[in-house]
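Me: I'd like to learn how to read strand pairing and salt bridges in a model. Could you walk me through it?

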Amino acid sequence: MLLNWTVMILYNYFSAMFVGPGYVPLGWTPEKSQDCMYLQYCKVCQSYKAPRSHHCRKCNRCVMKMDHHCPWINNCCGYQNHASFTLFLLLAPLGCIHASFIFVMTMYTQLYNRISFGWSSVKIDMSAAKRDPRPIIPFGLSAFAASLFALGLALGTTIAVGMLFIIQMKVILTNKTSIESWIEEKAKDRIQYYQTGETFIFPYDTGSKWKNFKQVFTWSGIPEGDGLDWPVRDGCHQYSLTIEQLKQKADKRIRSVRYRAVEDYSGVCCPVTKGVKTFFTTPCTEEPRIALSKGDLILATRGLKHWMYGEKILDSAADGGIRERGWFPRKCVEKCQYDSETDQPVDGEKKNR
């Protein structure tokens, strides 16, 4: 049974790794040219981003129904390998639970025959078991230490990977991805901030958990659809989600604040020269850091107490310029002083948007 767990775990692990998530074809455009206005254009792939697709910086491609980029499989989790990845997250804890049971019973039975109880002390003799016949596999101090270490790994994997499985099942049963759940949260924030009165309905949730489940898990192992066109619930537009993404992108430009670099920053993850607090509060994320030179302009979109995230403007043009995104220390920049009201929208303009 333990070998069976191992085979199934490795099969789904390597399937998720080598099958891949499926990529949007290079140069892809929708069938109707007028639908391009509802989509974002990817300059790297030289194509429009299909609904539910996102560009991955690590894979350098637009991924169909992208959930996240997983460093453990060195690939993205998306349309084609979502089922294999989720089955791996299920089978790995089950196999570890089985292994933990074996480790616990082994240590219990071996230690039970080596314990001697006295009037004032308890002694454990690890040299040999007090029974005949002697065990086929010797169980000494090194074997006990190895078993205890393996038990810790098995229990840790069960908890960590099991939590990831629960998270994945929550998004699958609502026919979402982790990115789409974040988009939905930002949609609620945008509507509440501007008081537009609109209601955002996630278009791909069929309303039935079983139907949502079957869109990922099929008997053939091949997910439903082609990864480009998706069925939507009644009352929703085919491009409802992409339209919301365009609104959030425009809102992001409005809320961004321009900063100017006053110190050089090499782009290292944990800079030693920028202060102890900056060093120890570096963002725990795979998002990149951007190197700064004194005088660089950055459009900051979000930030922490000692770090900020934004886009560095490399071109002289403020709109349409080439930008690099990433984190940088807050102490390396200062807020620009605007010369005109058109440089930054006022609160009234934001509220009336």
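Reply: Happy to! Two strands count as paired if DSSP finds at least two bridges between them. Keep in mind that this is a predicted model.

Me: How many bridges join strand β9 to strand β10 here?

Reply: Four bridges connect β9 (residues 257-261) with β10 (residues 297-303), and the two run antiparallel. Within that pairing, Arg260 has Leu297 of β10 as its bridge partner.

Me: And which strand is joined to β10 by six bridges?

Reply: That is β11 (residues 307-313), again antiparallel to β10. A hairpin through three residues joins β10 to β11, and Arg302 stands opposite Tyr309 in β11.

Me: Now salt bridges. What should I look for?

Reply: Look for a side-chain nitrogen of Lys or Arg within 4 Å of a carboxyl oxygen of Asp or Glu. By this rule the model has 11 salt bridges.

Me: With which residue does Glu184 form a salt bridge?

Reply: With Lys176, where the closest N and O atoms are 2.4 Å apart. Buried means under 20% relative accessible area, so Glu184 is buried at 12%, and Lys176 is buried at 13%.

Me: Which parts of the chain does the Glu324 pair link?

Reply: Glu324 forms a salt bridge with Lys312, their closest N and O atoms lying 3.9 Å apart. The pair links distant parts of the chain, with Glu324 in strand β12 (residues 323-329) and Lys312 in strand β11, 12 residues apart. Glu324 is partly exposed at 36% relative accessibility, whereas Lys312 is buried at 9%. Elsewhere, salt bridges that share partners join Arg190, Glu198, Glu244 and Lys247 into one network.

Methods. Residues are numbered from 1 along each chain as its sequence is written. This is a predicted model: local features need pLDDT of at least 70, side-chain atom pairs count only at pLDDT 80 or more; totals for chains, interfaces and linings use all residues. Side-chain values use heavy atoms; hydrogens and water are left out. Buried means under 20% relative accessible area, exposed over 50%, partly exposed in between (1.4 Å probe, protein chains only).
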